[in-house]
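Have a look at the structure first, then read on.

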Amino acid sequence: MRNAVPPSNELWVCHLGNVPYSDGVAIQETLHERRHGGELPDVLLLLEHPPVYTRGRRSGAQDLPLPEDFYRAKGIDVASTDRGGKLTYHGPGQLVGYPIVGVDDVGRHLRTIEDAIVAALGEFAIGARSRHDEGIDYTGVWVGDRKIASIGVHVSRGVATHGFAVNVDNDLQPFAWVVACGLPDVQMTSIAAELGAATAPGVACFRKEIAYRFCEAHGRRQRLVAPTRLGIATSNARSGAPAGAEPIKSRSTDLLEAALV
């Protein structure tokens with residue numbers, strides 16, 4: 001018998017380490033079902049991915065101008081996904097956050113994520129901002145005209161999956177091989193690029209700050225939980241394989257989408 005859902009003022013935060021993208025999707029789908037079924041409170045997963053380009057539902061062939069064999073020769077996988085938005089890159093040194101949370105207003109959900117990231121970056125003396133009022137392709141967080149964080153979500157049956165990616169100290173070169181975020185002239189940046197590698201926080205340090213700021217922005221008390229508390233086997237925490245769970249197919253009904261990267 002599963003434990004009862006804790007008080008709604010809690011937001012569970014779970015650190016998963018380095019997780020292959022396909023496993024991260026499977027975990028989200030499983031937790032989505034449990035959150036929708038009332039078995040879990042809102043959850044924030046924090047992790048990194050091996051190198052991968054992900055194509056959102058608004059992404060087109062023009063976003064990958066080179067043959068996929070070129071990217072795979074560079075050690076970068078290519079994956080399609082059901083989140084809103086266009087194409088982005090994930091890789092080691094980039095902090096990815098997947099909030100599996102109840103949502104009744106997609107726009108407010110996006111703005112709250114942006115606010116949390118801006119607040120977290122501010123703790124490291126990086127003045128960041130939202131540009132959502134400039135159009136859907138500018139969703140995310142920017143430092144001047146440089147993009148430091150991407151956001152892309154999928155909302156089904158009132159529960160969100162996918163989320164945000166903040167460039168901490170990852171390699172930025174892979175962004176130059178594609179049309180990132182649907183913006184041909186976008187300049188990507190990172191915490192390390194803004195502060196200098198010698199003084200910039202690493203992923204582990206920034207992860208703590210974003211967890212705090214995310215919970216603060218949602219008016220929730222943070223509760224750190226182990227992967228096993230979410231049904232993710234400890235022995236598989238690095239690969240992200242759900243314990244004894246089959247991936248749940250995405251549903252196209254009752255779907256709200258927000259745009260993003």
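Start with helix α3 (residues 106-122) and helix α6 (residues 203-217), which pack at an angle of about 135° with their axes 8 Å apart. This is a predicted model, where local features need pLDDT of at least 70, side-chain atom pairs count only at pLDDT 80 or more, and totals for chains, interfaces and linings use all residues. Residues are numbered from 1 along each chain as its sequence is written, and side-chain values use heavy atoms, leaving out hydrogens and water.

**The helix pair**
- Axes are lines fitted to C-alpha atoms, for helices over the stretch in contact, and angles run from 0 to 180 degrees between N-to-C directions.
- α3 and α6 are therefore oblique to each other (under 35 degrees is roughly parallel, over 145 roughly antiparallel, 65 to 115 roughly perpendicular, and the rest oblique).
- On the α3 side, the contact (heavy atoms within 4.5 Å) includes T112, I113 and A116, while F206, E209 and I210 are among the α6 residues.
- The residues of this contact divide into 10 nonpolar, 1 polar and 2 charged.

**The strands**
- Helices (H or I, at least four residues) and strands (E, at least two) are DSSP runs, numbered from the N terminus.
- Strand β1 (residues 10-18) runs parallel to strand β12 (residues 221-224), joined by 4 bridges (pairing takes at least two bridges found by DSSP).

Notes: Nonpolar A, V, L, I, M, F, W, Y, C, P; charged D, E, K, R; others polar.
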